[in-house]
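Colleague: Before I use this model, I would like to go through it with you, from the overall fold down to single residues. Could we take it step by step?

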Amino acid sequence: MRRGLSAVRRILLTAAITALVMWGLLYAPTPYLVYEPGIAVPVEPMITLESGVPVDGGQFLLTAVKLIEPNFLGVLKATVDRDRNVYQKSAVFGHYTKEQYAERLTVIMEGSQNDAVEAAYRYLKVPYEVKTQAIVITDIIRVAEQPVGKLRAGDKLLRLQGGESFRSVEDAADQVIEAMENKGSGASDSVFIEIERGGKQMIVELEPSATYTGGAADSDEKRLALLLSAKSFVELRTVEATHKEQRLTISAGEIGGPSAGLVFTLGAIDLLTEGDLTQGARIAATGTISPEGKVGAIGGIKQKVVSTSEEGAKLFLVPKSNERDALSKAKSIKTDMKIVGVDTLQEALDAIAAFASNR
């Protein structure tokens, strides 16, 4: 009888341990994130011209990395998968929750879209007007893991209390510097700034420690960041062509981040000019873009090479700083897709022209 009970206990213990291990592998939360190949989709449906000019025959492909929260089994699989990368959540999200991180990427994407439109207008010498809608803090300074000051990432800066709405970063910096100098001279007791946080307007006092100590040679962005104890922010603007028929609208849906800037600019130029810029080919592009046409580095290049190749892209334009990694990945997956690194919009257009002439 005792032997029978011992056998039952062993079976139950084995079953319990097995269930616990399976739960750990399949359901237990992990501190990791996995980057894997995501989408590579035509950018043309996301860009519209008010004149209603139809899209040409070729396609520019926008590519984005897929970010997933895996179970432990998924982490183990990703570590041996050459198309995936595993990261600590804290290294990606920082001090933000998943929701706050996604919201931050959405704000950055809005700024990137405006930069893309402005870059296209500047390149084509299209007359346009820029109006600042809001200045949004995207990251703040922390000391010993605690925020410096009362402002938070995601806050929209509207105006100084009782003042006029900020018209630009330069205007905001000038107003805040003047107010802080008045406080320092005793002309006023404190400085308050009106912000929007979580859809609600509120008034926040700028901390005494948030005084400007920079120099005249500092950029307007750096001047304002020093005053607000912020690491970075984005200026949300409307960029509108003077002539109605040249006005562009970009709608990227739930795609976040700034890495689609270059491909949006290329798509915009294609719409605003005669003929087919792609010459009928599928051309992918990734990289941030500045209004002046400078192309910046992005993350997830390995995954983007995989997804663009799978979608049939024949040319993939990448930031120059990402070119080596992109070429290495292209070689490892044995794709015939051509990889070209670029530093500027002009270099990207030259690469497209050279590719088209050799087809």
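Modeller: Helices (H or I, at least four residues) and strands (E, at least two) are DSSP runs, numbered from the N terminus. This is a predicted model, in which local features need pLDDT of at least 70 and side-chain atom pairs count only at pLDDT 80 or more, while totals for chains, interfaces and linings use all residues. Residues are numbered from 1 along each chain as its sequence is written, and side-chain values use heavy atoms, with hydrogens and water left out.

Colleague: How many helices and strands does the protein chain have, and what percentage of its residues count as buried?

Modeller: The secondary structure of the protein chain comes to 10 helices and 17 strands. Buried means under 20% relative accessible area, exposed over 50%, and partly exposed in between, with a 1.4 Å probe and protein chains only. Of the 359 residues, the share that counts as buried is 42%.

Colleague: Why is helix 4 called oblique to helix 7, and how many charged residues does their contact have?

Modeller: The axes, lines fitted to C-alpha atoms over the stretch in contact, with angles from 0 to 180 degrees between N-to-C directions, come within 8 Å for helix 4 (residues 98-124) and helix 7 (residues 261-272) and cross at roughly 40°. That makes helix 4 oblique to helix 7, because angles under 35 degrees count as roughly parallel, over 145 as roughly antiparallel, 65 to 115 as roughly perpendicular and the rest as oblique. Contact means heavy atoms within 4.5 Å, and among the residues that meet are M109 and A116 in helix 4 and F264 and I269 in helix 7. By class, the contact has 11 nonpolar and 4 polar residues, and the number of charged residues is none.

Colleague: Where is G299, is it buried or partly exposed, and which residues is it in contact with beyond its neighbours within four places in sequence?

Modeller: G299 lies in the loop between strand 15 (295-296) and helix 8 (301-310). With a relative accessible area of 45%, G299 is partly exposed. S259, 40 residues away in sequence, has its C-alpha 8.1 Å from that of G299. Leaving aside neighbours within four places in sequence, the contacts of G299 are V65 and K304.

Note on methods:
Ala, Val, Leu, Ile, Met, Phe, Trp, Tyr, Cys and Pro count as nonpolar, Asp, Glu, Lys and Arg as charged, and the others, Gly among them, as polar.
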